[in-house]
Amino acid sequence: MNIGIIATEDKMLQLENFCTAYRRMLSKHKIYTIDGMGDKFNKLLNTKMVICLPVNLGGINQFVTKIRENGIDIVFFFKGKMENIIENNQLSEVLDVCNDYTIPIATNMATAEILILGLDRGDLSW
């Protein structure tokens, strides 16, 4: 399964904690993230990792394109406050594309735990 993992700056620590708690489950899958987050997650998860460009160089667009191409099956997007208008528009596109393409997306810890446990049980195998 291909899993996208991204977070706004104010939720990065929460996403790191999630990845630490569910490292065993996540490490079985290929992870997609954005430069700046990739190094942390690569060391933490020790799995196949695809790192998109940094946000300011089109990383969100690259991530969204991967979703559109059916290259990402689940997204963990820990979303907090987005004060930068350009970043806000780009990250909102992640939500829109996941909805358009029926990609499960978790935007907080509670939903992420439901998705990861379902993934581990095989509920999301397709």
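**Entry 1: the model.** I am working from a predicted model.

**Entry 2: Gln62.** Is Gln62 buried, exposed or partly exposed? Its relative accessibility is 36%, so I noted it as partly exposed. Leaving aside residues up to four places away in sequence, I found Gln62 touching Cys52 and Leu53. With Leu53 there is a polar detail to record: a polar atom of the Gln62 side chain sits 2.7 Å from the backbone nitrogen of Leu53. I also checked Lys43, 19 residues from Gln62 along the chain, and the two C-alpha atoms are 22 Å apart.

**Entry 3: aromatic pairs.** Next I searched the whole structure for aromatic pairs, and the search returned 3. In one of them, Phe18 and Tyr22, the ring centres are 5.1 Å apart and the planes meet at 45°, so I logged the pair as tilted. Both Phe18 and Tyr22 are buried. Phe18 also pairs with Phe76, with 5.0 Å between centres and 45° between planes, and this pair is tilted too.

**Entry 4: what the Phe18 and Phe76 pair joins.** Which elements hold these two residues? Phe18 belongs to helix H1 (residues 12–21) and Phe76 to strand S4 (residues 74–78), so their pair ties together parts 58 residues apart in sequence. I looked up accessibility as well: Phe18 has 1% and counts as buried, while Phe76 is buried at 0%.

**Entry 5: the cluster.** To finish, I noted that Phe18, Tyr22, Phe76 and Phe78 make up one aromatic cluster.

Key:
Residues are numbered from 1 along each chain as its sequence is written. This is a predicted model: local features need pLDDT of at least 70, side-chain atom pairs count only at pLDDT 80 or more; totals for chains, interfaces and linings use all residues. Side-chain values use heavy atoms; hydrogens and water are left out. Buried means under 20% relative accessible area, exposed over 50%, partly exposed in between (1.4 Å probe, protein chains only). Contact means heavy atoms within 4.5 Å. A polar contact is a pair of N or O atoms within 3.5 Å; within protein, one must be able to donate a hydrogen and the other to accept it, and residues adjacent in sequence count only if both atoms are side-chain atoms. Rings of Phe, Tyr and Trp (its six-membered ring) pair if their centres lie within 6.5 Å; planes under 30 degrees apart count as stacked, over 60 as edge-to-face and the rest as tilted. Helices (H or I, at least four residues) and strands (E, at least two) are DSSP runs, numbered from the N terminus.
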